[in-house]
Amino acid sequence: MESSRQMMRKCRGLIDSLAAYIKDCVKEEKTNDESLENCVCILHNLTFQLEDEVPSLFTNINALALHSTRSISQNNTSPVGCFSSQTKPPQMEPPFDFAVIEDPHPKGAGHLIHSKTLQDYLSLLCLSQREELQEACCGTLHNLTARDGVVSSVISQIIVQKLNGMKFITPFLNSKKVNLQKTTLALVGNLTKNPNLHNVVGRKALPQLLGLLKEGTSGANESDDTLAIACQAASGLVLKNLDLTKSYLSSNLIQSLNSISQSMYFPKSSKAAAVLLVKIWSDKELQGFLKKQGMNKALFVNDTTMAAHRSLQVVD
């Protein structure tokens, strides 16, 4: 409950002690004991709805984002001269200055979003053999990147760009543990919401996502929820790097997606697979590539896939 989380966040020395214990365990590579798992699980719970419940933690992030937005706005409002281009390509959001955002000596709840703590979670993913602990680490990162907006975007950049987090995260996309795989896929889905990260996340995750979907309904541990999340994460990446996407598109993959889209036993993933098929066919370059492979429009655009696509538009 929120009241319990707030009380624990305000408890003097609690979060500091938990973060220090985790850091010591990582440093000494004592990463398989139950007490460490309990510490991570507590911090996992304390990150739930953190932005709503402790908005003061994100003052620096929001202030820096506002400054960046104003700078872009001022640069884009310069008058059009005789020799200036009247059409400019859309600008990507500039990288954030992490040094400005972070307190070098975090205290209390400040540990919950600090890159040093995030690095410890990533380290534990590869150092620990405890599934529940790994799931709690991924779940914490998922909580911190789950919302739409500046805060999730910045934390996603810290995880991917500053901490090189994809090399720690992507191995678990193929986990045989249902909950761990599902949480990892959801985390990757969160990271795809930041356009600045599409190149890195795509190169690291898209091959595994498409490989997983190629297995059809037998993939993703035969979990409808997990398979749907995999389709949604892939949908966020397939049009971002066409050369990469083309290298993994195959007749077997498309046939698997088509079979998933027709499955009445996988209602969530059938809709997600249908939407992914429509998205793939929507790109003219991919269309040409697929036609050369002997595939036709009916595999991608048909009554089933269009019904799913229309229902998504209604929800949006």
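Reader: How many helices and how many strands does the protein have?
Author: The model is predicted. Of the protein's 316 residues, 49% count as buried. Among contacts between residues at least 6 apart in sequence, 72% join residues at least 24 apart. The secondary structure consists of zero strands and 18 helices.

Reader: How many disulfides does a search of the whole structure find?
Author: A disulfide needs two cysteine sulfur atoms within 2.5 Å. For Cys-137, the nearest cysteine sulfur belongs to Cys-138 and is 7.2 Å away, so Cys-137 is in no disulfide. Over the whole structure, the number of disulfides found is zero.

Reader: Is Cys-137 buried or exposed?
Author: The cut-off for burial is a relative accessible area under 20%. Cys-137 has a relative accessibility of 0%, so this cysteine counts as buried.

Reader: At what angle do helices α12 and α13 cross, and is the pair parallel or oblique?
Author: Helix α12 covers residues 198-214 and helix α13 covers residues 224-235. Their axes come within 10 Å and cross at roughly 135°. Angles over 145 degrees would count as roughly antiparallel. The angle of roughly 135° therefore makes α12 and α13 oblique.

Reader: Is the crossing of α12 and α13 left-handed or right-handed, and which classes of residue make the contact?
Author: The crossing is left-handed. From α12 come Leu-206, Leu-209, Leu-210, Leu-212 and Leu-213, which meet Leu-227, Ala-230, Cys-231, Ala-233 and Ala-234 of α13. By class, the contact of α12 with α13 has no polar and no charged residues, and ten nonpolar.

Reader: How do helices α7 and α9 pack, and is their crossing left-handed or right-handed?
Author: Helix α7 (residues 115-127) and helix α9 (residues 150-162) have axes 11 Å apart, at an angle of about 60°. The pair is therefore oblique. The crossing of α7 and α9 is right-handed.

Reader: Into which classes do the residues of the contact of α7 with α9 divide?
Author: On the α7 side the contact is made by Ser-115, Leu-118 and Leu-122. On the α9 side it is made by Ile-155, Ile-158, Ile-159 and Lys-162. By class, these residues divide into one charged, one polar and five nonpolar.

Reader: Is Thr-145 buried or exposed, and which residues does it touch?
Author: Thr-145 lies in helix α8, residues 131-145. Its relative accessibility is 0%, so Thr-145 counts as buried. Leaving out residues up to four places away in sequence, Thr-145 touches Ser-152, Ile-155, Ser-156, Ile-159, Leu-187, Asn-190, Leu-191 and Lys-193.

Reader: What is the phi of Glu-29, and is this residue buried or exposed?
Author: Glu-29 is found in the loop between α2 (14-28) and α3 (34-46). Its phi is positive, near 55°, in a residue other than glycine. The cut-off for exposure is over 50% relative accessible area. Glu-29 has 57%, so it is exposed.

Reader: Where is Glu-222, and what is its phi?
Author: Glu-222 is found in the loop between α12 and α13. Its relative accessible area is 56%, so Glu-222 is exposed. Although Glu-222 is not a glycine, its phi is positive, at about 55°.

Technical notes
Residues are numbered from 1 along each chain as its sequence is written. This is a predicted model: local features need pLDDT of at least 70, side-chain atom pairs count only at pLDDT 80 or more; totals for chains, interfaces and linings use all residues. Side-chain values use heavy atoms; hydrogens and water are left out. Buried means under 20% relative accessible area, exposed over 50%, partly exposed in between (1.4 Å probe, protein chains only). Axes are lines fitted to C-alpha atoms, for helices over the stretch in contact, and angles run from 0 to 180 degrees between N-to-C directions. Helices (H or I, at least four residues) and strands (E, at least two) are DSSP runs, numbered from the N terminus. Angles under 35 degrees count as roughly parallel, over 145 as roughly antiparallel, 65 to 115 as roughly perpendicular and the rest as oblique. A crossing is left-handed if the near helix is turned anticlockwise from the far one by less than a right angle, and right-handed if clockwise. Contact means heavy atoms within 4.5 Å. Ala, Val, Leu, Ile, Met, Phe, Trp, Tyr, Cys and Pro count as nonpolar, Asp, Glu, Lys and Arg as charged, and the others, Gly among them, as polar.
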